[in-house]
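Look at the sequence and the model together. The paragraphs below go through the structure one part at a time.

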Amino acid sequence: MRMYNPEWEAIKSFDYVPRIVDVQFDLPAGEIPADHGYVLHAALVGLLPWLREVPELAIHPVHGAPSGRNDNLVVNRRVKLVLRLPVERLADARALVGMRLDLGTGELLIGEMKEKRLAPFATLYSHFVALGVDDELAFLVEAEAQLEKISVHGGLIPGKKRTMHLPEGEVAGYSLMLHDVDPQESLHLQETGLGLYRGQGCGIFIPHKSIKAVATG
């Protein structure tokens, strides 16, 4: 018997007009570079050049298991390619279906597309937030300042330090969890993101069920 979850019931009844949505594409099993933010963005812009002109674009990091043989991640058929886009671009994004994505580790055929609305969870998590600072304390101060500018409030829990390589050099940041976030502010943060390089997978917040896993996420 499923237990009653008051937060989920409130989320289901929360009514809003979507402005930004996640667009999920099926992927076949294969491999991708572990540090794939830059090459994934470049490959997708190469397939759909108009993506470069969409300021709201965010490309979620693709998750997989370390191959153990090289610096690649192994992805299975349950893994999705996910773009966060304005709703008016959904029809244009469908052109990706059937295209081939090459990140230098073998071609991946982009499969069927599905739209997923953002959900106003009170706990949100970002795998990698880049704010232009390296030190954890400075990161938290800058994160609080940027969240205040967009009127988003909640408790902050930093996690692992992460790095990403771009042509201009190495970028450092941290995973970050926010908890006790108001539903409207939760949606706003998911729509706008936080910090730099959202096209390369940074500053993208997704709902999280618990604050317990942040230290290992």
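A charge sits over a ring if NZ of Lys or CZ of Arg is within 6 Å of the ring centre and within 35 degrees of the ring normal. Arg-117 lies over the face of Tyr-16 in this way, at 4.6 Å from the ring centre. The model is predicted, so local features need pLDDT of at least 70 and side-chain atom pairs count only at pLDDT 80 or more, while totals for chains, interfaces and linings use all residues. Residues are numbered from 1 along each chain as its sequence is written, and side-chain values use heavy atoms, with hydrogens and water left out.

Next come the strands and helices. Both are DSSP runs numbered from the N terminus: helices are H or I with at least four residues, strands are E with at least two. Two strands pair if DSSP finds at least two bridges between them.

Strand E5 (residues 72–75) is joined to strand E2 (residues 30–33) by four bridges, and these two run antiparallel. Strand E4 (residues 65–66) also pairs with E5 in the antiparallel sense, over two bridges. Val-74 in E5 is the bridge partner of Glu-31, and Val-74 is the bridge partner of Ala-65 too. E4 and E5 form a hairpin with five residues between them, and Gly-68 in the turn has a positive phi of about 80°.

Another group of four strands forms an open sheet in the order E11-E12-E10-E13, with antiparallel pairing. Its edge strands, E11 (155–166) and E13 (206–207), each pair on one side only. E11 is joined to strand E12 (residues 169–179) by 10 bridges, and His-165 stands opposite Glu-170 in E12. In a regular strand the side chains alternate between the two faces of the sheet.

Helix H4 (residues 136–149) lies across strand E10 (124–129), E11 and E12, running at about 105° to E11. Angles run from 0 to 180 degrees between N-to-C directions, and axes are lines fitted to C-alpha atoms, for helices over the stretch in contact; contact means heavy atoms within 4.5 Å.

Which kind of ring pair do Phe-139 and Tyr-174 make? Rings of Phe, Tyr and Trp (its six-membered ring) pair if their centres lie within 6.5 Å; planes under 30 degrees apart count as stacked, over 60 as edge-to-face and the rest as tilted. The centres here are 5.0 Å apart and the planes are at 50°, so the pair is tilted. Phe-139 is in helix H4 and Tyr-174 in strand E12, 35 residues apart. Both residues are buried (under 20% relative accessible area; exposed is over 50%, partly exposed in between, with a 1.4 Å probe and protein chains only).
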